[in-house]
Amino acid sequence: MTLLNTTKAAKPTSDTKSDALLTASKLTKTVQVGEQTLSIIKDVDIYVNAGEFVVIMGKSGSGKSTLLGLLAALDYPDSGSVELAGQTLSSLDEDALAVIRQRDMGFVFQSFHLLPTLTVAENIAFPLDIARRPNKERVTELIDAVDLGHRRDSLPNQLSGGEQQRTAVARALVSHPKIVFADEPTGNLDEQNANQVMQLLLDLRQQVGSALVVVTHDPALAEMADRVITMHDGRVVS
Ligand SMILES: Nc1ncnc2c1ncn2[C@@H]1O[C@H](COP(=O)(O)OP(=O)(O)OP(=O)(O)O)[C@@H](O)[C@H]1O
Ligand SMILES: [Mg+2]
């Protein structure tokens, strides 16, 4: 929490971009649709400071999910670069990126993306297990934090949407990532579940000290963010 306060206090005094956790420079992305080359990300510069909560908003089709995929190195840009903690991601191969995703990043998707054959506990443990750092106490701590103790041995298809997303939130934060990316994490939930999931995501992120980048259409969430980035037609407009 000290970390967060420090980050917040330091923000207005200077351009903190130079020591940002994540820096994206001049990102572009095109897709080929038949004969046409469509430009879907156009010359985007973005930074995210350590511990910062950034919301990305913008109309459907403005490029939010594409941008998030580029920032999280789930997709390669056509040009431009993404740096995380001083390391240039766009120049790394798939194996090196996989290590960084495991070690430094957490993900929450609109459609949960839990592994269907693993239980709640196993899904949450997954990032620790594949990094060969199993930690039962940490997993139990997270299960309790998202209030799923009674569901620890359930499979995803035995859970409600809210329970699935709470599992995904716990999984995203279990390994103390530097940064968590979430693409419309509450998009498939009713209002009550959406509020609960978002609150858990914010609470856990504060405990861990992770930066959080959330794509959302929810103005209430934008209110809570340290900074809101608005996209329009593949560009950052504010
Ligand atoms: N693989 C692809 N092939 C063709 N067009 C694509 C592809 N991926 C994205 N696009 C187009 O790029 C634009 C940006 O898509 P993106 O999914 O990033 O938008 P978004 O802002 O996340 O929208 P939404 O709010 O609906 O999720 C859209 O016009 C989309 O149709
Ligand atoms: Mg999207």
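Helices (H or I, at least four residues) and strands (E, at least two) are DSSP runs, numbered from the N terminus. The model is predicted: local features need pLDDT of at least 70, side-chain atom pairs count only at pLDDT 80 or more, and totals for chains, interfaces and linings use all residues. Residues are numbered from 1 along each chain as its sequence is written, and side-chain values use heavy atoms, with hydrogens and water left out.

**Exercise 1. State how enclosed helix 2 is, and describe what follows it in the chain.**

Solution. 
Step 1. Helix 2 covers residues 64–71. Buried means under 20% relative accessible area, exposed over 50%, and partly exposed in between (1.4 Å probe, protein chains only).
Step 2. Because 6 of its 8 residues are buried, helix 2 is largely enclosed by the rest of the structure. The buried residues are Lys64, Leu67, Leu68, Gly69, Leu70 and Leu71.
Step 3. Just after helix 2, Ala73 has a positive phi of about 55 degrees. Most residues other than glycine have a negative phi.
Step 4. Pro77 lies in the loop that joins helix 2 to strand 4 (79–84). Pro77 counts as buried, at 16% relative accessibility.

**Exercise 2. Find which residues Pro77 is in contact with, leaving aside its neighbours within four places in sequence.**

Solution. 
Step 1. Contact means heavy atoms within 4.5 Å.
Step 2. On that basis Pro77 is in contact with Leu27, Thr28, Lys29, Leu70 and Ser90. Leu70 is also one of the buried residues of helix 2.
Step 3. From C-alpha to C-alpha, Pro77 and Thr30 are 8.3 Å apart in space, while 47 residues separate them in sequence.

**Exercise 3. Describe how helix 6 packs against helix 7.**

Solution. 
Step 1. Helix 6 spans residues 161–173 and helix 7 spans residues 191–208. Axes are lines fitted to C-alpha atoms, for helices over the stretch in contact, and angles run from 0 to 180 degrees between N-to-C directions.
Step 2. The two helices pack at an angle of about 10 degrees, and their axes are 10 Å apart.
Step 3. Angles under 35 degrees count as roughly parallel, over 145 as roughly antiparallel, 65 to 115 as roughly perpendicular and the rest as oblique. Helix 6 and helix 7 are therefore roughly parallel to each other.
Step 4. Helix 6 contributes Gly162, Gln165, Arg166, Val169, Ala170 and Leu173 to the contact. From helix 7 come Asn193, Gln196, Val197, Leu200, Leu201, Leu204, Arg205 and Val208.

**Exercise 4. Locate His113 and Asp233, and give the phi of each.**

Solution. 
Step 1. His113 lies in the loop between strand 6 (105–109) and helix 4 (120–130). His113 is not a glycine, yet its phi is positive, at about 55 degrees.
Step 2. Asp233 lies in the loop between strand 9 (227–232) and strand 10 (235–236). The phi of Asp233 is positive, near 50 degrees.
Step 3. His113 counts as partly exposed at 44% relative accessibility, and Asp233 counts as partly exposed at 48%.

Terms used: Chains lettered and ligands numbered in written order.
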